[in-house]
Amino acid sequence: MREIEDVFREERGRLLAALVRRFGDLDLAEEVTSDAVEAALRHWPAEGVPPNPGAWLMTTARRRAVDRLRREQALATRLAVLAAEAERAGPEAPAGEDGGLPDERLRLFFTCAHPALPAEDRGALTLRCLAGLTTPEVARAYLVPAQTMAKRIVRAKKKIREARVPFRVPDADELPERVPGVLQVIYSIFTEGYAASSGPHLQRLDLAEEAIRLARILRRLLPAEREVAGLLALLLLVHARREARTGPGGEPVLLDEQDRGLWDRAMIEEGAALVVTALSGGPPGPYAVQAAIAALHDEAPDLATTDWPQIVALYDVLLALDPSPVVALNRAVAVAMRDGPEAGLALLEELAGERRLRDHHPYLVARADLLHRLGRLPEAAEAYRTALRAATSEPGRAYLRRRLAAAEEAVPEV
């Protein structure tokens, strides 16, 4: 059964994308994909997985699609529309050079992450269509009721249909402005998996691993895009620490306290090799720079021997590429490690007026921790209380309660 599940996981996105390409209807493609999977579940356990499971699923799904279309009253009109759209789209793209990987999934990536869709819908549609999660699973990923997510996905599909969002790979001159949107969707999925915005667990490993799987697919589909390599490198280098990031009770374990022997060295080596690719051949992109920073963390034996000057220098590069308050916050924390907590706190105070950071939990925690390190305990305690009010996940609240108690206990009696 495990073998069958692995086949479904690998083939589903490819099958769905090919069917959307053929019939121009995302809903129809999803329905007949599900029909084909159900048929496989009936036949394969007894008959065995066929030599070419993808072709078996495609043949079954295509027959189901034709049967459904035949039952439609407006079949002639529908077929005429499909023929016209196929003519506009041009001939089918050839298979990739890696042994038959078609680019239909690449078209689906760009359709799901199209800028015409609201930002909140892009990740949901990507998880539903490319990752193959059910609507309730996508709802759990975004911590909303299944009914709410179902409406959101229906709305996204309706937008694609009504706006006639093209199911195609952008032309070469369009890629530079469109690829970042696709990467952002995958990164957002990973971010929620890395640090859940709410709920009882710090990490959502299922989401993080799904984001990595999607990044791997995109890497195979766009091997010349260095920022795709940069994103995959970043995700691997960060996810390599997953086993050390939580304690026995699920509590967060900070970087300086993590058992680095638990870090996934094979994943680190793969990520580090991708960093070289991402940084070669021209000016680096934001994901490549972030991956280089992650590699320096992963390659250091401990916090004290981490190359903080180089990390700060990389944050300077990143800040030039992405002059956002969040990048400035991360740079300030790195400066605190290089030059001491007072230098880092001064930079954080300069950012205090940034609206995006006013209730930004990492900013509030970083400020409280630096105050604590400086021995300004009453201020640190108050800062921890502020951060605690802004915390949305139970592990985050538990960490802050411990830090608050430690600061309050250390305050000398007057």
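This report covers a cavity and a helix pair in a predicted model.

Rolling a probe the size of a water molecule over the atoms shows where empty space is left. In this model, 1 cavity of 30 Å³ or more is found. The space in the largest cavity comes to about 30 Å³.

## Lining of the cavity

The residues that line the largest cavity are Phe190, Gly193, Tyr194, Gln203, Ala208, Val238, His239, Arg242 and Arg245. Sorted by class, this lining comprises 4 nonpolar, 3 polar and 2 charged residues.

Two helices, H9 (175-194) and H11 (226-239), each contribute at least two residues to the lining of the largest cavity. The most comes from H9, which gives 3 residues.

## Packing of H12 and H13

Two packed helices are described by the angle between their axes and the distance between the axes. For helix H12 (residues 265-279) and helix H13 (residues 286-299), the packing angle is about 140 degrees and the axes lie 9 Å apart. The crossing of H12 past H13 is left-handed.

## Contact residues

On the H12 side, the contact is made by Arg265, Ile268, Ala272, Val275, Ala278 and Leu279. These meet Ala288, Ala291, Ala292, Ala295, Asp298 and Glu299 of H13. By class, the contact of H12 with H13 has 9 nonpolar and 3 charged residues, with no polar residues. Arg265 in H12 and Asp298 and Glu299 in H13 are among the residues of this contact and count as charged.

Methods: Residues numbered from 1 in each chain as written. Predicted model: local features only at pLDDT ≥ 70, side-chain atom pairs only at ≥ 80, totals over all residues. Heavy atoms only, no water. 1 Å grid on protein atoms, 1.4 Å probe; cavity = no way out; pocket = protein on both sides within 12 Å on 5 of 7 lines; lining within 4 Å. Points joined across faces, edges and corners; volume = space filled by probe spheres on them. Helix = DSSP H or I, 4+ residues; strand = E, 2+ residues; numbered from the N terminus. Axes fitted to C-alpha atoms, helices over the stretch in contact; angles between N-to-C directions. Left-handed = near helix turned anticlockwise from the far one by under 90°. Contact = heavy atoms within 4.5 Å.
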